[in-house]
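Biologist: I am new to this one. Please show me the structure, and then let me ask how you know what you say about it.

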Amino acid sequence: MYKFYLAAGTILSGLGVILGAFGAHRLKEIAPDSVPTFQTGVQYQMYHAFALILVGILFEKIPVRAMHWAGISFLIGILLFSGSLYALTALKSTGKVGLGGIGIITPIGGLFFIMGWVALLLAVLKK
């Protein structure tokens, strides 16, 4: 299982670099007012992709259920938090109004990030 978290963390880190470059260069031309929202998504994706790598490293040494939940929570958090910010940016850049309630997903993703850190703490304290 630890290899899954290592692979997911490295893939999401690489994707974060690609998205960050897109935001810094191309997005500035398309929708400059959306850049801070997009950058927040990239920033939190990178933090938690590194957290997934940490979970992968620790999972090999501390293979407890809480460590697994930490990894799953970080993955879900990235998808919901960063993914919703990317979606909001895309919708805003195309001029869509109302955004269809996507904004409510962002704090749910944030809760998953928090749950991941709590689960990681519990896993480390268990061992």
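Modeller: Let me begin with a cut-off. Angles over 145 degrees between two axes count as roughly antiparallel, and angles under 35 degrees as roughly parallel. Bear in mind that this is a predicted model.

Biologist: Why are α1 and α2 called roughly antiparallel?

Modeller: Their axes cross at roughly 165°. The cut-off is over 145 degrees. α1 and α2 are therefore roughly antiparallel. The axes come within 8 Å, and the crossing is left-handed.

Biologist: What makes α1 and α3 roughly parallel or antiparallel?

Modeller: The axes of α1 and α3 cross at roughly 15° and come within 12 Å. Roughly parallel requires an angle under 35 degrees. α1 and α3 are therefore roughly parallel to each other. From α1, the contact involves F4, Y5, A8, L12, L19, L27 and I30. From α3, H68, G71, I72, L75, I78, Y86, T89 and S93 take part. The crossing of α1 and α3 is left-handed.

Biologist: Let me step back. What secondary structure does the chain have?

Modeller: It comes to four helices and zero strands. Along the sequence the pattern reads α-α-α-α. The C-alpha trace spans about 50 × 25 × 15 Å along its principal axes. Of the 127 residues, 41% count as buried.

Biologist: How do you know that the span of α1 agrees with its number of residues?

Modeller: Helix α1 covers residues 2-30, which is 29 residues. At 1.5 Å a residue, α1 should span 42 Å. The end C-alpha atoms of α1 are 39 Å apart, which agrees.

Biologist: Where is the kink in α1 centred?

Modeller: On G23, with a kink of about 40°. G23 is also among the buried residues of α1.

Biologist: How does the reach of α3 compare with what is expected?

Modeller: α3 has 29 residues. From first C-alpha to last, α3 reaches 41 Å, close to the 42 Å expected at 1.5 Å a residue. There is a kink of about 25° in α3, centred on G83. After α3 comes G95, whose phi is positive, near 85°.

Biologist: How many residues separate D33 and S93 along the chain?

Modeller: They are 60 residues apart along the chain. Their C-alpha atoms are separated by 8.8 Å.

Biologist: What share of the chain's contacts joins residues 24 or more positions apart?

Modeller: Taking contacts with a separation of 6 or more, such residues account for 77%.

Methods:
Residues numbered from 1 in each chain as written. Predicted model: local features only at pLDDT ≥ 70, side-chain atom pairs only at ≥ 80, totals over all residues. Heavy atoms only, no water. Helix = DSSP H or I, 4+ residues; strand = E, 2+ residues; numbered from the N terminus. Expected span 1.5 Å × (residues − 1). Bend = angle between axes of the 7 residues up to and from the residue. Buried < 20%, exposed > 50% of the residue type's maximum accessible area, 1.4 Å probe, protein only. Axes fitted to C-alpha atoms, helices over the stretch in contact; angles between N-to-C directions. Parallel < 35°, antiparallel > 145°, perpendicular 65-115°, else oblique. Left-handed = near helix turned anticlockwise from the far one by under 90°. Contact = heavy atoms within 4.5 Å.
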